[in-house]
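This report walks through some features of one protein chain. Please look at the sequence and the structure before reading on.

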Amino acid sequence: MFKVEDIRKDFPILDQKIHGRPLVYLDNAATSQTPQVVIDAIVEYYQNYNANIHRGVHTLSQIATDKYEEARIKIQKHFNANKPYEIIFTSGTTQSINLVASGFASLISEGDEIMISALEHHSNIVPWQMLCEKTGATLQVIPMAVEGNLRMDVFHELLNSKTKLVFCNHVSNALGIVNPIEEIISAAHNVGAAVLIDGAQATPHIKPDVQALDVDFYVASAHKLCGPTGVGMLYGKQEWLEKLPPYQGGGEMIETVTFEKTTYAGLPHKFEAGTPNICGGIAFGVALDYMNAIGFEAIRNYENELLGDATEKLLQIDGLKIYGNTSEKTAVISFNIEGIHPYDIGAILDKLGIAVRTGHHCAQPIMDFYQIPGTVRASFSFYNTKEEVDRLIEGIQKAKLMLC
Ligand code: C6P
């Protein structure tokens, strides 16, 4: 039974005042908050078994190695990957994407086409532009429509035998729209293209099954899933991970090293050079356990209630416009009020104890499409309440009175 009052007790950070008012944290799309059980796992690691992994015969190193590898298996199971070594630990979504983009430099050439969507975060635009500059491949963009959905008709027209890679986010960070990734993956495969899905914004709300999706690569960050910052994952089908060259050279990713020649370790170590974020990886596993114990269906249903309530109340505010209006959304609302800069609304909300994000949300092409400097983005999590929705509405009304 989903009880938000009980869930909130797991998050000590929520119980505080900002500028003398109880904190209303609505910037969950930027980073989620951390439950006590994850904080405890981090403390336990440093208090009891901090040691380097895969290297020592001593007891602490073995405990740390076992816990780290157990976390990999938890992630494997969560995403339903076929093998644990198809999960690569990275520092987060950005590094996961760069790892794949850098690897593909040796697999594509001039004349090939790479396709991204108009809804991407900069971390899923810039690495592909860099790859195109390096290889002479061409970047194609699936355009968006005014409601925020992708123009799937144009996607199907653009797709052709030169398309080698398609990249798309599962959920847009700026608008909260859920993209039709099943259709994208299957159509891309029909022309022989590989697909990478950026799950940074989907994974806090949806439990993806990478085998059912038949996706080639899927990436996510722990810090959006109640885990710590600086750790994330790359899922890759074994056949792709075997084809890609290592991303970085260093310790742990080798089999043998001589001055004449180095041979590389097998998966997953080939992509995990150097000492990883051991504590972060272990805490990532604990965060997934925590969210799975609540259940993703319960999380999504509850967040949908918050989304419906907030959308309805926001639309009653005169001059307020919401960007991204499709039926398939996660609990993210991007909006502006006519004649007011989003930054000014964000600053007043902060004085009222309400945390939202303002600006372009690292998705400047979306802002250019709407010809706006940015938006105010309120993003909800399963620990937010209907009372907090009301605090947001009151705050916006106050900001409007002050600024108009
Ligand atoms: N979006 C937001 O406020 P990292 O920073 O590597 O953990 O995640 C990057 C990233 C990639 N793709 C999408 C869809 C994202 O939303 C993000 C991070 C945050 O929207 C911080 S910019």
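## Aspartate 390 and lysine 313

Aspartate 390 is partly exposed, with a relative accessible area of 30%. Here, buried means under 20% relative accessible area, exposed means over 50%, and partly exposed lies in between, with a 1.4 Å probe and protein chains only. Aspartate 390 forms a salt bridge with lysine 313, and the closest N and O atoms are 2.8 Å apart. A salt bridge is defined as a side-chain nitrogen of Lys or Arg within 4 Å of a carboxyl oxygen of Asp or Glu. The pair links distant parts of the chain, 77 residues apart: aspartate 390 is in helix α14, and lysine 313 is in helix α11 (residues 296-315). Lysine 313 is partly exposed as well, at 26% relative accessibility.

The model is a predicted one, in which local features need pLDDT of at least 70 and side-chain atom pairs count only at pLDDT 80 or more, while totals for chains, interfaces and linings use all residues. Residues are numbered from 1 along each chain as its sequence is written, and side-chain values use heavy atoms, with hydrogens and water left out. Helices (H or I, at least four residues) and strands (E, at least two) are DSSP runs, numbered from the N terminus.

## Other salt bridges

Side chains of opposite charge can pair when their charged atoms come close. By the salt-bridge rule the count comes to 14. One of them joins arginine 8 and glutamate 388, with the closest N and O atoms 3.3 Å apart. Arginine 8 lies in helix α1 (residues 4-9) and glutamate 388 in helix α14 (residues 386-403), so this pair ties together parts that are 380 residues apart in sequence. Arginine 8 is partly exposed, with a relative accessible area of 21%, whereas glutamate 388 is buried at 6%.

Aspartate 112 and lysine 164 also meet in a salt bridge through their side chains (3.9 Å, N to O). Aspartate 112 is in the loop between α4 (93-104) and β5 (113-117), and lysine 164 is in strand β7 (residues 163-169), so the pair ties together parts 52 residues apart in sequence. Is aspartate 112 buried or exposed? Aspartate 112 counts as buried, at 12% relative accessibility, while lysine 164 is partly exposed at 30%.

## Nonpolar cores

A nonpolar core is a set of buried Ala, Val, Leu, Ile, Met, Phe, Trp, Tyr and Cys residues joined through side-chain atoms within 4.5 Å. The largest nonpolar core has 105 residues, and Phe380 and Phe382 have the most contacts inside it. Helix α10 (residues 278-294) gives the largest share of this core, 10 residues. Where does the core lie relative to domain 1 and domain 2? Domain 1 (4-27 + 295-403) and domain 2 (49-293) both give residues to the core, so it lies between them. The domain bounds come from an automatic or database domain assignment.

Contact here means heavy atoms within 4.5 Å. A second, separate core of 26 residues includes Ile125, Ala194, Val219 and Leu234.

## Glutamine 33

Glutamine 33 is in the loop between β3 (24-25) and α2 (36-49). With a relative accessible area of 11%, glutamine 33 is buried. Its contacts, not counting residues up to four places away in sequence, are Phe11, Ile13, Leu14, Tyr25, Asn28, Cys226 and Tyr383.

## Backbone features

Most residues other than glycine have a negative phi, and most peptide bonds are trans. Leucine 267 and proline 268 are joined by a cis peptide bond, with omega about 0°. Proline 268 is in the loop between β12 (262-264) and α10.

Cysteine 362 has a positive phi, near 55°, and is not a glycine. Cysteine 362 is placed in the loop between β16 (357-359) and α13 (364-370), and is partly exposed with a relative accessible area of 23%. Glutamine 371 also has a positive phi, of about 55°. Glutamine 371 lies in the loop between α13 and β17 (375-379) and is exposed, with a relative accessible area of 73%.

## A nonpolar surface patch

Ile254, Val257 and Tyr264 form a nonpolar patch on the surface, with about 270 Å² of accessible area together. Patches are made of residues with over 30% relative accessible area and no salt bridge, with like charges joined within 9 Å and nonpolar side chains (Val, Leu, Ile, Met, Phe, Trp, Tyr) within 5 Å. Accessible areas come from the Shrake-Rupley method with a 1.4 Å probe, and for residues only the protein chains shown count as cover. Isoleucine 254 is in strand β11 (residues 254-257) and is partly exposed, with a relative accessible area of 32%.
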